[in-house]
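Q: I'm new to this one and would like to go through it slowly. Could you show it to me before we start?

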Amino acid sequence: MSPLDYVKAFNEFLWNSFLMYALLGVGIFYTVYLGFPQLRHLNLAFKYAFGPIFKKRKPGETKVNSFQALATAVAAQVGTGNIGGVATAIATGGLGAIFWMWVSALLGMSTIFSEAVLAQKYKKEYHGETVGGSAYYLYYGLGSKWLAVFFSIAIVLALGFVGNMVQANSISIALTNAFNIPSWVIGIVLAAVVAVVIIGGQRRITALAELLVPFMAIVYILGSFIIIYMFADQLPHVLRTIFTDAFSLKSAAGGAAGTVMKYAIRYGVARGLFSNEAGMGSTPHAHALADVKDPCEQGFVAMAGVFVDTVLICTSTAFVIMLTGAYGNTGLKSVAITQQGFEIAFGEGGIIFLAISLIFFAFTTIIGWYMFGEMNIKFMFGKKGVRFYRPLVVLFVFLGCLFAADLVWELADSFNGLMVIPNLIGIIFLAPQVKKLYKNFLANRKKKEA
């Protein structure tokens with residue numbers, strides 16, 4: 001067996017036997033436990049998320065507002081998972097995987113609400129900087145040092161190193177296909193740019209995210225909507241196939257053991273997680289930065305992040321791939337599938353458009369994930385650990401441009417899964433605290449309205 005075969009076998013066990021059900025289960029639990037907040041209060045999610053855009057900041061204001069925290073979270077969420085991950089989900093799990101990606105997003109809104117609320121409650125000040133996230137609520141809230149350390153090690157490996165290899169790998173594929181640039185050249189340039197940004201620290205990363213994220217999201221969604229309009233006659237057939245395959249008990253194609261539905265769920269949930277990161281424990285690091293009056297305000301903001309990431313951007317990618325028929329080319333993998341969809345619609349310009357979009361998506365994810373990893377390095381080793389962490393991240397960004405797409409994606413699934421385990425344990429045991437804060441928020445809001 002090759003290394004890829006071993007990693008795939010491990011992921012089959014990790015995801016199909018446990019995490020697929022655990023993530024959906026926790027999402028269902030929080031949805032019911034909190035009384036369907038993602039449906040009842042979605043308006044608050046958009047109010048708290050985008051309201052700060054229209055408020056004028058005071059001169060010299062240095063505190064991070066809700067929108068800046070959201071932009072940092074979305075910068076990390078919106079990456080190759082939205083382009084290459086969606087393509088991989090469709091290619092491996094069929095069109096039905098998109099339905100389960102939607103389900104994971106809907107349920108994930110309640111999960112990520114709890115993560116952001118806990119991140120706010122247990123955030124700390126560290127040498128003038130705000131730090132927080134899963135390790136902090138596992139340690140200070142749950143009182144489990146070993147779970148906190150396990151999570152910190154997992155997230156540094158999952159996002160700081162392997163995850164950033166995935167982002168760099170997809171940038172390399174896109175630029176090679178669009179402009180025929182050698183992978184090693186892309187690796188050197190990308191690594192150098194990442195180094196310049198991360199040296200600037202937390203403030204430079206949040207400022208860059210606030211500037212780039214709205215622009216890149218709007219442009220990409222508009223481009224996708226044009227393609228959806230161009231191929232609108234295929235829409236009824238595609239929608240029928242999504243729902244049919246999502247619940248199909250037919251045997252999976254290609255000699256795979258299991259049903260079409262099994263693989264649709266496995267890859268839909270896995271890629272949905274990799275994209276919106278609900279339940280993974282990563283985005284709480286960004287939401288901990290926000291200066292808000294009530295922790296639940298940032299919980300609603302986090303819900304808006306999942307909506308933007310999966311319901312808007314991932315769905316846009318999915319329909320481009322499905323409507324153009326790009327998923328039918330079995331010789332293509334990952335980002336190349338999405339690129340073909342844009343090429344079918346726009347010709348050579350489509351390849352260039354997607355390559356540029358991917359550069360923005362993946363680059364902002366790299367710097368966002370770097371920051372999440374840095375917070376955990378500080379948690380484990382203090383500030384002195386950062387001087388070793390930074391050059392290693394830059395090295396892995398370079399190496400990611402040289403690795404095969406299949407192995408990198410499967411490794412990402414493995415380490416993401418290991419991250420999820422301690423985080424889910426924490427948010428389940430801390431659920432009563434989330435509910436108490438949520439009930440207090442609703443009660444205070446009712447008093448203000450009375």
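A: Let us start with Phe342, which is buried (under 20% relative accessible area with a 1.4 Å probe and protein chains only; over 50% is exposed, and in between is partly exposed), because its relative accessible area is 0%. As for the source, this is a predicted model, in which local features need pLDDT of at least 70, side-chain atom pairs count only at pLDDT 80 or more, and totals for chains, interfaces and linings use all residues. Residues are numbered from 1 along each chain as its sequence is written, and side-chain values use heavy atoms, with hydrogens and water left out.

Q: Which helix do Phe342 and Phe346 lie in?
A: Both lie in α15 (residues 335-346), four residues apart, about one turn of the helix; helices here are DSSP runs of H or I with at least four residues, numbered from the N terminus. Phe346 is partly exposed, with a relative accessible area of 33%.

Q: How many aromatic pairs are there?
A: The count comes to 29 aromatic pairs, where rings of Phe, Tyr and Trp (its six-membered ring) pair if their centres lie within 6.5 Å, and planes under 30 degrees apart count as stacked, over 60 as edge-to-face and the rest as tilted. One of them joins Tyr139 and Phe379, whose ring centres are 5.8 Å apart with planes at 75°, so this pair is edge-to-face. That pair links distant parts of the chain, since Tyr139 is in α7 (residues 134-141) and Phe379 in α16 (residues 348-381), 240 residues apart. Phe342 and Phe346 form a tilted pair, with 6.4 Å from centre to centre and 45° between the planes.

Q: And which rings are linked into a cluster?
A: Ring pairs link Tyr48, Phe113, Phe300, Tyr438 and Phe441 into a cluster.

Q: Changing topic, is α5 mostly covered or mostly open?
A: Helix α5 (residues 80-93) is mostly covered, with 12 of its 14 residues buried, among them Asn82, Ile83 and Val86. After α5 comes Gly94, which has a positive phi near 80°.

Q: Which residues does Thr317 contact?
A: Leaving aside neighbours within four places in sequence, Thr317 is in contact (heavy atoms within 4.5 Å) with Asn82, Ile83, Val86, Tyr220 and Thr338. Thr317 is found in α14 (residues 295-324) and is buried, with a relative accessible area of 0%.

Q: What about Ser282, where does that one lie?
A: Ser282 lies in the loop between α12 and α13 (284-287), and at 0% relative accessibility it counts as buried. Its side chain makes a polar contact of 2.3 Å with the side chain of Glu277; such a contact is a pair of N or O atoms within 3.5 Å, where, within protein, one must be able to donate a hydrogen and the other to accept it, and residues adjacent in sequence count only if both atoms are side-chain atoms.

Q: Last topic: how much space lies in the largest cavity?
A: About 100 Å³ lies in the largest cavity, and the structure holds one cavity of 30 Å³ or more. A cavity is a set of points on a 1 Å grid over the protein atoms alone where a 1.4 Å probe fits but cannot get out, and lining residues have an atom within 4 Å of a point; grid points are joined across faces, edges and corners, and the volume is the space filled by probe spheres set on the points.

Q: Which helix gives the largest share of its lining?
A: The largest share, four residues, comes from α6, while α1 (3-33), α6 (96-121) and α12 (260-276) each supply at least two.

Notes
On a 1 Å grid over the protein atoms alone, a cavity is a set of points where a 1.4 Å probe fits but cannot get out, and a pocket is an open set with protein on both sides within 12 Å along at least five of seven lines; lining residues have an atom within 4 Å of a point.
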